[in-house]
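Hi,

Here is the model I promised to pass on. Have a look at it first, and my notes come after.

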Amino acid sequence: MDKLNALKYFCTAADTLQFRETAQRLSVSPQVVTRVIAELEDYLGETLFVRNTRNVQLTDFGARFLPEAQQLLAESERLFTAARTRTPADEMRGTVRITLPFLPENDAIIAALFARCAEYPDLQPDWRVNAARLNNVENQIDIGLRIGSEPESWMVVRHLGYTRERLVAAPSLVEKLGPPADLDDLLARYPTGSQININTGRSWGWPISNTVQVMPKNPRFVCDDAYSELAAVLAGAICTLIGDSYCRPHLVAGRLVELLPELERYRWPVFLYRPQRSITSPRVLAVFDWLTDIIGGMYGGNNAAGRTRLSF
């Protein structure tokens, strides 16, 4: 039984005290009114009307029940009316949950996002920076960023561009050990780092290219995040394969040098995605568009396809 609809039948019948007129007002047959009222009485365990072939009267219980039923119907009507008449400001009010991996551009992305939503003070970004893949349903994720494999087919996906990784070391380590002649020489003479994929508990290894996948043996430093690995490289302790956006500022400043730059490298695609839902709120659509522009401007411009790996 649709309880809210049953209350509408009851209140209309209480107003008309005629099941036939009630049926006309609700555009149904008198038999439907009789059935719905009977189902409501059975559910409540009380008689609502005393009726015969000519008259319908409220019982004492029906008279007491009527004001509460009318109030509930009025409140439900206000609720749905308010939902239908929301203003653009109302549509931009609320939380948008966003998940993304650790990125050096994190601060710049947040600053640019808040610049876009400055006129919507009631819009609340819920920013989940995490190297682990969050369950979109359990964590109520609205938007996610993924570097590597394309999100599931039931997601709305935008390809923002590409990023790649570089083999890097501190100048002091290169001066101490001498430039490596090739990859085998580097692995034989240089201390290495290894980053753990926290989704699997195993090392990512070094995916150099489509044909070269290296798993450093006996790495000197093991961690589960790129910033810690970068710190070890900057300290002159190891060399490693690390994302371009992490090491680029240090390469420009001379704090790092690139090893074997002639090696072919993967280019990892960068995807922004959101779950495909029957109804997506305007605020989620707006933030999705803003992040497309912001992050796409940072990673866009590359058109070369590359093999993918899941890095978040």
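Below is what I found, going from the whole chain down to single residues.

First, keep in mind that this is a predicted model.

The overall dimensions are worth a look next. Along the principal axes, the C-alpha atoms fill a box of roughly 105 × 40 × 30 Å. The radius of gyration is 32 Å, whereas a compact globule of 312 residues would come out near 20 Å. Even so, 42% of the 312 residues count as buried. Among contacts with a separation of 6 or more, 73% are between residues 24 or more positions apart. The chain exposes about 16,800 Å², with carbon and sulfur atoms supplying 49% of that.

Then there is helix H3 (residues 30–44), which I went through in some detail. Which residues of H3 are buried? They are Val33, Val36, Ile37, Leu40 and Glu41. Looking down the axis of H3, these buried residues fall within an arc of 135°, so they line one face of the helix. After H3 comes Gly45, with a positive phi near 75°.

Last, two loop residues to check on your screen. Most residues other than glycine have a negative phi. Asn218, however, has a positive phi, near 50°, and sits in the loop between strand E10 (213–214) and strand E11 (221–223). Leu260 also has a positive phi, near 50°, and its loop runs between strand E13 (257–258) and strand E14 (267–275). Are these two buried or exposed? Asn218 counts as exposed because its relative accessibility is 76%, where exposed means over 50%. Leu260 counts as buried because its relative accessibility is 7%, and the cut-off for buried is under 20%.

Cheers

Technical notes:
Residues numbered from 1 in each chain as written. Predicted model: local features only at pLDDT ≥ 70, side-chain atom pairs only at ≥ 80, totals over all residues. Heavy atoms only, no water. Buried < 20%, exposed > 50% of the residue type's maximum accessible area, 1.4 Å probe, protein only. Helix = DSSP H or I, 4+ residues; strand = E, 2+ residues; numbered from the N terminus. Arc of directions from axis to C-beta. Rg over C-alpha atoms; globule rule 2.2 N^0.38 Å. Contact = heavy atoms within 4.5 Å. Areas by Shrake-Rupley, 256 points an atom, 1.4 Å probe, with all protein chains shown as cover.
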